Amino acid sequence: MIPAVVAALVAALFAQAFVRLRRRGRADHAGWDRAALFAAALALALVALYGPLDRLAEHDLLSAHMLQHVLIGDAAPALGLVALRGPLLFFFLPAPALGALARTGWIRATLRFLGRPRVAFALWSLNLGVWHVPALYDAALRHPALHDLEHACWLNAGIVVWTLLVDPAGHCRLSVGGRVALAAALFAAGQVLTDVLVFSFAPLYPAYAGAYGLSAVTDQQLAGVVMMAEQLLTLGTLAVVLLQPRIRAARAVTA
Amino acid sequence: MSPGSFTFEPAFLVLPAAAGLAYARAARGDAPGRWRCASFATGLVLVAASLNSPLETIAAHYLLLIHLLQNALIADVAPPLLLLGLTPRMRASLATRFPWPRARVALPIWLAAWYGTHAAGFYDWALRSGWALELEHGILIAAGLLFWWPLVAGRLSTAAALGYLGAGFVTSAFLGLAYIFSTRAFYGFYVHAPRLWGLSPVRDQNLGGILMNAEQTAVFFVAIGFFLWRLLEEEGLSQAGESREVR
C-alpha cells in the first residue's frame, strides 16, 4: 500500500511541475517525452511491486526477486531522473516546500554528503552487499515491514548514485570521465555479487527451492545474469550516451 | 597417457622462438625498457608453456575446463602482453608491414574466431585430428592480436577505446555463460574422454565457463580501468589548460 501512495504523490508532484513549466511557456523543458519517461519509471516500479512479478519474487524465484530489485533500485530511478533533468527538477517541489528545504541546514548538509561520489558508491555497494546476506534476505521475505525497508533502501541507494550519474540539476559534481568511471565501479561492484551467484554450485538462499522447472541453483545463476544484464543495459547506455560526443569529436579531429 | 606427462604442439615452440629472436634483433637498434621485455617474454612463455606442457595433455585428452583455460590464456592474456612489449618504433614498423584491420573490422573478426573455434563441430574435429588443434590455437592467437592491436597501437581515442572494450566484453561473454548454464555436454570428444578429478562432462563444462568468464572479466576490467584512468587524466589536463587560458 505504501509504495502506491508514494507513487501517487510523486506522480502528482511531477504533474504540477510539468504543468507549471508549460504554463510559463517552457514546453522545451517539459516535453511529452519527459512525461513518457517519468511514467515509464513509475510503471516499472509499480509493475515490480504489484504485478505477477511480486508474487513470483516473494514465493517462487530468486531470479524474479532480483529482477524486482534491479527495476526499483536501478531502472526506475535512472529513468525518473533522466525525465526530471533540468528545470523540471527545480519545479518538482512546490516553491514553499523547496524554499523550506533549502533553508534547512541539516537537510542540505545531508544531501551534500550523500552527493559525494565516494559516499554514494559506498552506500550503494553496502546496500547491495548487506541485503544479499542470506539470513537477512530470508528474514525480509518472512517479515513484510523488513521487506518494505529493503525495497526502500534499494530505491534510495539507486536515487543517490543515479543523481550523480545523470546529474539532473547540472551540478557537475563529476566530469564525464568521472561519471563513466562511477558507472564502471558500480558495474564492478555488482559483478562481485553476480559472480557469487553465477559461480556457486549450491543454493545460497534457503527460501528458494526452485520452481517452474528451474532448480534452485539454476534460478540463482539466472539471478546473477539478470543483475548483470540489467546493469549492462542501464550503465552501458549511460556510458554510450556520455562517450559518444567524445568519440565523434575525436573522429572529427583525425578526419 | 598420464595427465602429468608432456604433450607438444611443435608449431608453438617454433613460432615463439622465432618471435623471441626477431624481438631480440629489433631490440638491438631500439632497446625496450625492462617492463616491455618482461611483458613480451611473459606473452611468449604463456603461449609456449600452455601449449607444450601437461596442460596440453589434460586439455587434449581429459578436460574441457583445462582446454578453455588454455584458450583464454593464449587468446586473451598473451596477445596484449606481446603487443605491450613492443616499442613504439617496433609497432610502427609492424604497422607498415602488415595490413592491420581497423577496430570496427577487428572486433567482428575476433568474435567470429572466438565463437567459431568453440563451435561443437570444429572443436571436436580439432581435438580428434590433432593438427587442427594447432590451427584452432593459431586462429585464437591471431584473432587476439588483431583485437588488441587498435588499443595498444593508439589507433582509438580514449573514449572510443572504452566503447570498443565494452563492446568486446559484452559480445564475447555469451560463450562463457552458455557453458555455465548448460545441462548437457556440447562436445562429444569430452563425453567419451577419461574422467579426471571426479568431474562429470557437464560439471567440467560448467566450470570451464566459470573460468572463462572470470578470466575475461579480469582482463577487460584491467583494460577498461586503464582507459578510464587515461580519460580522467585527459580531462584534468584539459581543465588545467582552460584555467590557464582564463588567467
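Student: Which residues have the most contacts inside the largest nonpolar core?

Tutor: The model is a predicted one. A nonpolar core is read as a set of buried residues joined through their C-beta atoms. Here the largest such core holds 127 residues, and those with the most contacts inside it are A:Ala45, A:Leu71, A:Val161, A:Ala183 and B:Leu162. Helix H4 of chain A, residues 62-84, gives the most to this core, with 15 residues.

Student: With which residues is A:Val161 in contact, leaving aside its neighbours within four places in sequence?

Tutor: Contact is judged from C-beta atoms within 7 Å. On that basis A:Val161 touches A:Ala120, A:Phe121, A:Trp124 and A:Leu186.

Student: How many helices and strands does chain A have?

Tutor: Chain A comprises twelve helices and two strands. Read from the N terminus, the order is α-α-α-α-α-α-α-α-α-α-α-β-β-α.

Student: Why does the radius of gyration of chain A agree with that of a compact globule?

Tutor: A compact globule with 255 residues would have a radius of gyration near 18 Å, and chain A has 19 Å, so the two agree. Of the contacts in chain A with a separation of 6 or more, 74% are between residues 24 or more positions apart. Buried residues make up 34% of the 255 in chain A.

Student: How many residues does the contact take from chain A and from chain B?

Tutor: Chain A contributes 21 residues and chain B 19 residues. Helix H11 (176-199) and helix H12 (216-254) of chain A each supply at least two residues of the side that touches chain B. By class, that side of chain A has 13 nonpolar, six polar and two charged residues.

Note on methods. Residues numbered from 1 in each chain as written. Chains lettered and ligands numbered in written order. Predicted model: local features only at pLDDT ≥ 70, side-chain atom pairs only at ≥ 80, totals over all residues. Core = buried A, V, L, I, M, F, W, Y, C linked by C-beta atoms within 7 Å. Buried ≥ 20, exposed ≤ 12 C-beta atoms within 10 Å, placed from the backbone. Helix = DSSP H or I, 4+ residues; strand = E, 2+ residues; numbered from the N terminus. Contact = placed C-beta atoms within 7 Å. Rg over C-alpha atoms; globule rule 2.2 N^0.38 Å. Nonpolar A, V, L, I, M, F, W, Y, C, P; charged D, E, K, R; others polar.
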